[in-house]
Amino acid sequence: MTAKYGNHKGMCFLLLSTSSEILTFIENEFQVLDDDVFSVAYPKSGTTWMIEILSLIRSDGDPHWIRTVPNWDRMPWLELKETQEKLKTGLQSPRFFASHLPFYLFPKSFSRSQAKVIYTIRHPKDELVSLYHFSQMHKFLEVPESFEQELQDFLKGDLIYGSWFDHVLGWTGEKDRANLLILTYEELLKDLRGCVVRICNFLGKELDEAAIDKVVENATFKNMKDNKMANYSLVPEEVMDQKKSPFMRKGISGDWKNHFTVEQSERFNKVYREKMKDLSVKISWHEDLMQSSF
Ligand SMILES: Nc1ncnc2c1ncn2[C@@H]1O[C@H](COP(=O)(O)OS(=O)(=O)O)[C@@H](OP(=O)(O)O)[C@H]1O
C-alpha cells in the first residue's frame with residue numbers, strides 16, 4: 001500500500017475519501033435509527049445497483065427521483081468525508097445510506113436497532129475483474145502493475161476496504177439477524193423481479209405489480225448505464241476517466257473467464273477453499289470455487 005492509502009484497524013482506506021477519525025466516529029458514536037436502511041457491499045459487488053433498486057422502491061417505482069438526483073445524494077456513503085457534514089446538519093428520515101464497511105467497523109449501534117441492512121455479495125473473481133478495470137479509471141486509486149498484481153493483492157487482502165474473504169465472512173456471520181438481508185449479484189442478474197419482491201417484503205414495503213415492474217425496468221443495466229444520475233458521468237474526468245473504462249462496464253457474471261489463466265484460477269480456488277470452508281450461507285457459486293478446476 002502506498003501514500004494514497006491509510007490503515008484503520010487492519011482495513012485499508014483511501015486517504016482522500018475518509019480518515020481514521022471518521023471511521024472511529026462511525027463505529028462508536030454514530031447513532032443508527034430504527035428506520036435507517038443501508039446498502040452494504042464489498043467494492044464492485046453491486047452497491048450502485050442496490051442503491052438504484054432501493055431508490056426506486058422508495059419512490060414506488062416512479063423514476064423521477066433517480067433521473068434528477070445523483071445516487072450519492074439519494075443514498076450518501078456513510079463513511080465518506082462529504083457525508084459527515086450532512087450527518088451533523090441532519091438528514092430526513094427514513095435515512096438511506098450506502099457503505100463498504102466490514103461488519104467489525106459498522107456502527108455498533110446497529111446491533112441495538114431495527115435498522116435494515118441489505119448486504120450484496122458478488123462472485124469474487126468477477127468482483128476482482130471489475131475492481132481491476134475500476135482501478136485503471138479512478139484517479140484516486142493505485143493502478144495495479146498488472147492483473148497478476150491485482151490478484152496477488154486480492155489473495156493477501158491487501159486492497160481498499162480490506163480482505164474480501166473477511167468482509168464476506170464477517171457479514172454472513174450475522175445472517176441470523178432479522179434485520180439483515182443477504183443477496184448475491186448473481187441472484188439479481190438471474191431474477192431481478194424476484195429479488196425486488198424479496199427486498200420489498202424485507203422492508204415491509206407494499207408495491208403493486210405495476211410499481212414492481214417499474215422498479216425492475218428502471219434498474220436494468222441498460223437503463224442505469226443511460227442514467228447520468230446513476231452512471232457517475234457527473235464525476236469530473238480528472239477523478240473518473242470513463243474513456244478508460246466506463247463505471248457501468250459490462251454488468252455480467254463470468255467475465256473472470258476472460259481474465260484468469262487456468263493457473264491463476266486454481267491458485268485463487270486454493271486460497272478460497274482455505275478461507276471460505278466455513279461459509280454459513282448458501283451461495284450458488286460457492287461449491288464451484290471449493291473445487292480446484294477452472
Ligand atoms: N443494473 C446493473 N446490472 C448489472 N450490473 C450492474 C448494474 N449496475 C451496476 N452494475 C455493475 O456493478 C459493478 C459496480 O459495482 P459497485 O456499484 O459495487 O461499485 S462501487 O464499489 O460502488 O464502485 C460494475 O460491474 P462490472 O460491469 O463488472 O465492472 C457495474 O457494471
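**Lys44 counts as buried, at 13% relative accessibility.** Buried means under 20% relative accessible area, exposed means over 50%, and partly exposed lies in between (1.4 Å probe, protein chains only). The model is predicted: local features need pLDDT of at least 70 and side-chain atom pairs count only at pLDDT 80 or more, while totals for chains, interfaces and linings use all residues. Residues are numbered from 1 along each chain as its sequence is written, and side-chain values use heavy atoms, with hydrogens and water left out. Lys44 sits in the loop between S3 and H2. Its phi is near 65 degrees, a positive value in a residue other than glycine. Helices (H or I, at least four residues) and strands (E, at least two) are DSSP runs, numbered from the N terminus.

Tyr161 is buried, with a relative accessible area of 9%.

**Helix H8 covers residues 164-172 and holds several buried residues.** The buried residues are Trp164, Phe165, His167, Val168, Trp171 and Thr172. They lie on the same side of H8, because they cover an arc of only 165 degrees around the axis. The arc is that of the directions from the helix axis to the C-beta atoms. What covers these residues includes the strands S3 (37-41), S5 (116-121) and S6 (180-184). The helices H6 (124-137), H7 (147-156) and H13 (262-276) are also among the covering elements. At the start of H8, a side-chain oxygen of Ser163 reaches to within 3.1 Å of the backbone nitrogen of Phe165.

**Trp164 is a residue of helix H8.** Trp164 is buried, with a relative accessible area of 1%. Its contacts (heavy atoms within 4.5 Å), leaving aside neighbours within four places in sequence, are with Tyr42, Ile121, Arg122, Pro124, Glu127, Phe154, Tyr272, Met276 and Trp285. Gly204 is 40 residues from Trp164 in sequence, and the two are 30 Å apart in space, C-alpha to C-alpha.

**His167, in helix H8, makes a polar contact with Tyr119.** The contact joins the two side chains at 2.8 Å. A polar contact is a pair of N or O atoms within 3.5 Å; within protein, one must be able to donate a hydrogen and the other to accept it, and residues adjacent in sequence count only if both atoms are side-chain atoms. His167 is buried, with a relative accessible area of 1%. Not counting residues up to four places away in sequence, His167 touches Ala41, Tyr42, His100, Leu101, Pro102, Tyr119 and Tyr161.

**Helix H11 (residues 209-218) packs against other helices through its buried residues.** Ala211, Ile212, Val215, Val216 and Asn218 are buried in H11. The helices they pack against are H2 (47-58), H3 (64-68), H10 (192-203) and H12 (221-226).

**Leu192 lies in helix H10.** Leu192 is buried, with a relative accessible area of 10%. Leaving aside neighbours within four places in sequence, Leu192 is in contact with Trp49, Ile53, Glu187, Val216 and Ala219.

**Met137, in helix H6, is 4.9 Å from Asp241 in space, C-alpha to C-alpha.** In sequence, Met137 and Asp241 are 104 residues apart. Met137 is buried, with a relative accessible area of 0%. Not counting residues up to four places away in sequence, Met137 touches Val239, Met240, Asp241, Gln242, Lys244, Ser245, Pro246 and Phe247.

**A cis peptide bond joins Ser93 and Pro94.** Its omega is about -5 degrees. Pro94 is in the loop between helix H5 (81-89) and strand S4 (96-99).

**The whole chain, for orientation, comprises 14 helices and six strands.** Of its 294 residues, 56% count as buried. The C-alpha trace spans about 50 × 40 × 40 Å along its principal axes. From a UniProt record (unreviewed entry) comes the feature "domain: Sulfotransferase", at residues 34-279; UniProt positions are given in the numbering used here, feature names are shortened, and annotations may be inferred rather than shown by experiment. The mean pLDDT of the chain is 95, and 98% of its residues reach 70 or more; pLDDT is the predictor's confidence in each residue, from 0 to 100.
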